[in-house]
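Visitor: I would like to go through this model step by step, from its sheet to its helices and loops. Could you guide me?

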Amino acid sequence: MVTTIDVLEALAAGDWDGAAERAAVAGADDPGSQLALALDRFLGDLPAPGVYEAPSAFEAFISNGGNVVLYERAIAALAALHADEQPETVLDIGCGDGRVTAAVLGPSTARVDLVEPSAELLVAARAAVSAPGTVGGREVVGHQAGVTEVLAGLDADVRWDLVQSTFALHATHPDERPALFAALADRTDRLVVVDFDVPAFEDRSPEHLAYLAERYERGVREYVDHPEVVTGFLLPVLVGQLDPSRPRYTFEQPTAAWAELVEAAGFTVEVEPVSPYWWADATLLSATRRA
Ligand SMILES: C[S@@+](CC[C@H](N)C(=O)[O-])C[C@H]1O[C@@H](n2cnc3c(N)ncnc32)[C@H](O)[C@@H]1O
């Protein structure tokens, strides 16, 4: 019997044709598997543009399935923090279409900086945080680039009361993270990160492949009515973690590893749960700069 793990193993070996062949057999061997079906249907047909550069599938992804509750909970946790702390200046790293940013900013915030490499998502985010119903007169500054590049280009005296990031820091390369958190420590006393608490895996190890197969089976099932999400987001993100010739969108790590990095940059860290989720539980890491 050929399983989805066998398909992922071929992808990890860069054997695209072999993966497609195995996917066809896996789909026949286990007709109940939605992941096998999706791999069989879509492997030959994954879109070329990046998942965030042409973001319609991403936006359908976050608007449906388990993301509805996940986003509600992430927004509730962050909005409570904004209400408590009343930041005047906020930086949102990897803001996407700005739906979280717009939902959590309170009347105290007079300036928000949005960092987002995708031109289309940045346009949407600017519109979201400037939309009627938000506080008039707020200054909105968009930066269309990755966060490391943006921080390197700013004047030394630019600071924020609060820096936040939801489900986006995992897009940064692990090699850039120590310097990134050090740069943030120079510019803020408060950093809040919502992301997924994945188990620690060696890339492409048997344990990693088994986790991917099991979790993406659950994920794909949430989008049976949205095949564009499966082709345009879920499978490119899955395959990018395996096949070195495809763009990679996620470099994830356990929350404890994020906490270690942030503490090493000079912050004290607290972690709280946000929500269970098909991929991994989401957590909120709240960091305060040590005096
Ligand atoms: C999963 S989305 C999350 C978007 C948004 N924060 C949300 O909660 O809906 C990840 C975002 O990170 C952005 N991103 C990718 N690489 C980045 C980088 N190096 N610096 C900042 N943002 C990045 C992507 O373009 C994308 O919008």
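Visitor: In what order do the seven strands of the open sheet stand?
Guide: This is a predicted model, in which local features need pLDDT of at least 70 and side-chain atom pairs count only at pLDDT 80 or more, while totals for chains, interfaces and linings use all residues. Residues are numbered from 1 along each chain as its sequence is written. Helices (H or I, at least four residues) and strands (E, at least two) are DSSP runs numbered from the N terminus, and two strands pair if DSSP finds at least two bridges between them. With mixed pairing, the open sheet of seven strands has the order S3-S2-S1-S4-S5-S7-S6.

Visitor: Which strands stand at the edges of this sheet, each with a single partner strand?
Guide: A strand with a single partner has one side left without a neighbour in the sheet, and the two strands in this position are S3 (139-143) and S6.

Neighbouring strands are turned against each other by an average of 15 degrees, direction ignored, where axes are lines fitted to C-alpha atoms, for helices over the stretch in contact, and angles run from 0 to 180 degrees between N-to-C directions. The edge strands asked for are thus S3 and S6.

Visitor: Which residue of S7 is the bridge partner of Pro273?
Guide: Strand S6 (residues 267-275) is antiparallel to S7 and joined to that strand by eight bridges, and a hairpin of six residues links the two. On its other pairing, S7 (residues 282-289) runs antiparallel to S5 (residues 190-196) over seven bridges, with Val193 opposite Leu285. The partner of Pro273 in S7 is Thr283.

Visitor: Within what arc do the buried residues of H12 fall?
Guide: Helix H12 (residues 255-264) lies across S5, S6 and S7, running at about 155 degrees to S6. Its buried residues are Thr255, Trp258 and Val262. Seen down the axis of H12, they line one face of the helix, because their directions (from the helix axis to the C-beta atoms) fall within an arc of 60 degrees.

Visitor: Which helices do the buried residues of H1 pack against?
Guide: In H1 (residues 4-12), the buried residues are Thr4, Val7, Leu8, Ala10, Leu11 and Ala12. Gly14, which follows this helix, has a positive phi near 75 degrees. The buried residues of H1 pack against H2, H3 (34-42), H10 (206-221) and H11 (227-240).

Visitor: Is Gln86 buried or exposed?
Guide: Most residues other than glycine have a negative phi, and most peptide bonds are trans. Gln86, in the loop between helix H5 (67-85) and S1, is not a glycine and yet has a positive phi of about 50 degrees. Because Gln86 has 12 C-beta neighbours inside 10 Å, it counts as exposed.

Visitor: Is Phe167 buried or exposed?
Guide: Phe167 is found in the loop between S4 and H9, and its phi is positive, near 55 degrees, although it is a residue other than glycine. With 21 other C-beta atoms within 10 Å, Phe167 is buried.

Definitions and conventions:
Two residues are in contact if their C-beta atoms, placed from the backbone, lie within 7 Å. A residue is buried if 20 or more other C-beta atoms lie within 10 Å of its own, exposed if 12 or fewer, and partly exposed in between; C-beta atoms are placed from the backbone.
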